[in-house]
Amino acid sequence: MSGEVSRRRPPATGIVPIVGGNEGHREFVEEVRPDAVILRVREAKRLLANYGREVNSWFPDETTVITRRYAGSREELVFSWREEKNWVEAFEPDYHIPAFRVVEASNEAFSRVDGCERTALGAEWMREKLPEQISIIPSVKGANLDERTICEQVVGKLQPDMLAVGYTEYSAVSNGEQSITEHLEAVARETAEKPVLLLGSASPDLLSQLPDNVVASTQEPHNLLWRRQSEIRKSYRDLEAEVREALGYRHDGEETETGGEK
C-alpha cells in the first residue's frame with residue numbers, strides 16, 4: 001500500500017480479485033499473493049476499525065491495492081464524498097476508483113447524463129482532495145459519445161494510469177457482450193487506448209473478444225476461499241493464466257506474440 005512503498009505502482013493486469021475484511025480473504029491473499037486486489041470502501045472502513053495501522057500487514061508489498069466506491073451497495077450510497085475521502089486517505093491504497101455511479105445503458109438519457117456528471121465530478125474532487133501518492137482511476141460511462149465525453153474530459157485533465165469500465169452496466173441491454181465491446185472500442189479511440197480495468201467479469205471467453213485496451217478484470221474468489229492451500233494456489237494460478245492468455249499476456253505479464261490479435 002502507498003504508505004509502505006515509495007515506488008509508483010504500475011496499472012493492474014490480468015485478474016484483480018475482489019477481497020473483503022474477513023480472515024478467509026486474508027488467508028487467500030497471503031496464499032496466492034496476487035499482483036493486485038480491489039476492495040470496496042466499506043471493507044476498507046471495516047479493516048481500519050478492526051486493525052488500525054496494522055491493516056498494512058494484510059497485503060504483500062508487491063500487491064497493488066485498489067479501493068472502490070461501489071454504488072450497488074446501499075451502505076455506500078449514503079455516505080458523503082468527504083467521508084469517502086477520509087476513509088480512503090486513512091487506508092492509503094495505491095489506487096482509488098471514486099464516487100462510482102451506476103450508469104446502465106438501458107437507463108433514460110437524463111439519468112445517464114446525471115450519472116456521468118456525478119462520476120466525473122467525483123473523480124476530479126477526489127484527485128484534488130486525496131494525497132498525490134493515492135492515484136485515481138476514473139470511470140468512463142455513457143451510452144454514446146456525448147455522455148462518454150463528460151467522463152473523458154476528466155481523463156484528459158487527470159492523465160491517469162488506468163480507466164475503469166463497468167461490464168454489468170451493459171449486460172442489462174440486449175446482446176450485452178456486443179454492447180460492452182462497442183463501448184470499449186469507442187473508449188479506446190477516444191482516450192488514446194488508455195488501459196482499462198473491467199469491473200464485473202473475469203470470464204476468459206468474454207475477455208478474449210474485447211479490444212486490446214482491456215488489460216485487467218475483477219474476479220470474485222468465493223469458490224476458492226475455503227479450499228486447501230495447495231488447491232487455492234493451483235486453482236487461482238490456472239485461472240490467472242487463462243485470463244492472461246485471453247488478454248494477450250503470458251503468466252509473467254509480458255505480451256504474447258499474438259497478443260494484439262484477439
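Me: Why is Trp58 called buried?
Reply: Trp58 has a relative accessible area of 2%. Buried means under 20% relative accessible area, exposed means over 50%, and partly exposed lies in between (1.4 Å probe, protein chains only). The value for Trp58 is 2%, so Trp58 counts as buried.

Me: What kind of model is this, and how are its residues numbered?
Reply: This is a predicted model, in which local features need pLDDT of at least 70 and side-chain atom pairs count only at pLDDT 80 or more, while totals for chains, interfaces and linings use all residues. Residues are numbered from 1 along each chain as its sequence is written, and side-chain values use heavy atoms, with hydrogens and water left out.

Me: What makes Phe28 and Tyr236 an aromatic pair, and which kind is it?
Reply: A search of the whole structure finds four aromatic pairs. In the pair of Phe28 and Tyr236, the centres are 5.6 Å apart and the planes are at 80°. Rings of Phe, Tyr and Trp (its six-membered ring) pair if their centres lie within 6.5 Å; planes under 30 degrees apart are stacked, over 60 edge-to-face, and the rest tilted. The pair of Phe28 and Tyr236 is therefore edge-to-face.

Me: Where do Phe28 and Tyr236 lie in the chain?
Reply: Phe28 is in helix 1 (residues 23-32) and Tyr236 is in helix 10 (residues 229-247), so the pair links distant parts of the chain, 208 residues apart. Helices (H or I, at least four residues) and strands (E, at least two) are DSSP runs, numbered from the N terminus. Phe28 is buried at 0% relative accessible area, and Tyr236 is buried at 2%.

Me: Which kind of aromatic pair do Tyr51 and Trp58 form?
Reply: Tyr51 and Trp58 are 5.5 Å apart from centre to centre, with 65° between the planes, which makes the pair edge-to-face.

Me: How do you know that the charged end of Arg26 sits over the ring of Tyr51?
Reply: The charged end of Arg26 is 5.8 Å from the centre of the Tyr51 ring. The rule asks for NZ of Lys or CZ of Arg within 6 Å of the ring centre and within 35 degrees of the ring normal. Arg26 is listed as sitting over Tyr51, so it meets that rule.

Me: What makes strand 2 an edge strand?
Reply: Four strands form an open sheet in the order 2-3-4-5, with parallel pairing. Strand 2 and strand 5 (135-136) are the edge strands, as each pairs on one side only. Two strands pair if DSSP finds at least two bridges between them. Strand 2 and strand 3 (residues 64-68) have five bridges, so they count as paired. Across this pairing, Leu39 stands opposite Thr67 and Ile38 stands opposite Ile66.

Me: How do you know that both faces of strand 3 are covered?
Reply: Thr64, Ile66 and Arg68 on one side are buried, and so are Val65 and Thr67 on the other. In a regular strand the side chains alternate between the two faces of the sheet.
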